[in-house]
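Here's a quick tour for anyone meeting this structure for the first time. Have a look at it, then read on for the notes.

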Amino acid sequence: MIFNDAIDLKLEDGEVIYYPEIFNNLEANAYFTILLENISWQQDSITLFGKTHPQPRLTAFYAKNSNPYSYSNIIMHPESFSKQLLEIKEKVDRISQVVFTSCLANLYRNGSDSNSWHADNEKELGIQPVIASVSFGAERYFHLKHRTKKTLKHKIKLEHGSLLLMKGTTQEYWLHQIPKTKKAIGERINLTFRIIV
């Protein structure tokens with residue numbers, strides 16, 4: 001499947017491609033409402049530098065197998081994919097030419113919800129993992145920075161119905177985040193598809 005409006009961020013030491021609208025506004029609105037109401041959202045606690053805090057967003061984990069996923073001392077056990085998640089996954093699989101096995105869903109309730117600097121480099125994801133990130137709802141900025149070349153930075157607005165694809169050596173050389181914002185902002189759902197090895 002070819003999308004003519006795909007944007008290659010042309011990152012040094014990485015490969016990130018942005019697809020602004022893989023779902024039209026009508027489809028994206030419908031998926032947003034269904035996912036918001038039907039995903040089993042939970043708020044886990046996260047331990048950083050010896051201190052435990054509520055994670056600043058809600059999450060859920062889905063897979064077509066029983067393989068758990070762990071990050072930041074959180075172990076998540078999957079639920080089965082819903083009909084809608086499978087529909088979204090099948091489209092993402094076609095565009096990326098990858099068959100994903102799992103999905104970590106994130107709900108950012110407002111501008112205070114965030115995801116701090118990190119890489120998706122857990123050992124369960126294997127070497128050079130492909131991560132596909134679908135966004136529904138409020139637009140948020142996605143920031144990237146190179147681990148060692150401090151002048152290399154990038155940010156892109158993730159739009160309603162869009163897909164961001166990270167592959168190659170991106171997780172080895174780059175960190176990413178969704179920062180907090182003081183702007184009055186609505187809810188955003190982010191589905192991150194991955195392969196658990």
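Let's start at a lysine: Lys149 is partly exposed, with a relative accessible area of 33%. Keep in mind that this is a predicted model.

**Lys149 and its partners**
- Lys149 pairs up with Asp13 in a salt bridge, where the closest N and O atoms sit 3.2 Å apart.
- This pair links distant parts of the chain, 136 residues apart: Asp13 is in the loop between strand S1 (7–8) and S2, while Lys149 is in the loop between strand S12 (140–146) and strand S13 (153–158).
- Asp13 is partly exposed too, at a relative accessible area of 26%.

**Other salt bridges**
- Across the whole structure, a search turns up 8 salt bridges.
- One of them connects Glu87 and Lys83, with 2.9 Å between the closest N and O atoms.
- Those two are 4 residues apart in helix H2, so about one helical turn separates them.
- Glu87 counts as partly exposed at 30% relative accessibility, whereas Lys83 counts as exposed at 56%.
- Another salt bridge brings together the side chains of Lys157 and Glu139 (3.6 Å, N to O).
- Lys157 belongs to strand S13 and Glu139 to the loop between S11 and S12, so this pair ties together parts 18 residues apart in sequence.
- Lys157, at 36% relative accessibility, counts as partly exposed, and so does Glu139, at 38%.

**The nonpolar cores**
- The largest nonpolar core has 32 residues, and Leu35, Ile88, Val92, Val134, Phe136, Leu191 and Phe193 touch the most other members.
- Elements that each supply at least two residues of this core include helix H1 (25–38), helix H2 (83–96), strand S11 (131–137) and strand S16 (188–194).
- Another core lies apart from this one, with 23 residues, among them Leu9, Met76, Ile156 and Leu164.
- Not counting residues up to four places away in sequence, Val134 touches residues including Phe23, Ile88, Val92, Leu191 and Phe193.

**A proline in a loop**
- Pro129 is in the loop between strand S10 (115–118) and S11.
- Is Pro129 buried or exposed? With 8% relative accessibility, Pro129 counts as buried.
- Leaving aside neighbours within four places in sequence, Pro129 is in contact with Asp120, Met166, Lys167, Gly168 and Gln171.
- Pro129 and Arg194 are 65 residues apart along the chain, and 7.6 Å separates their C-alpha atoms.

Methods. Residues numbered from 1 in each chain as written. Predicted model: local features only at pLDDT ≥ 70, side-chain atom pairs only at ≥ 80, totals over all residues. Heavy atoms only, no water. Core = buried A, V, L, I, M, F, W, Y, C linked by side-chain atoms within 4.5 Å. Buried < 20%, exposed > 50% of the residue type's maximum accessible area, 1.4 Å probe, protein only. Contact = heavy atoms within 4.5 Å. Salt bridge = Lys/Arg side-chain N within 4 Å of Asp/Glu carboxyl O.
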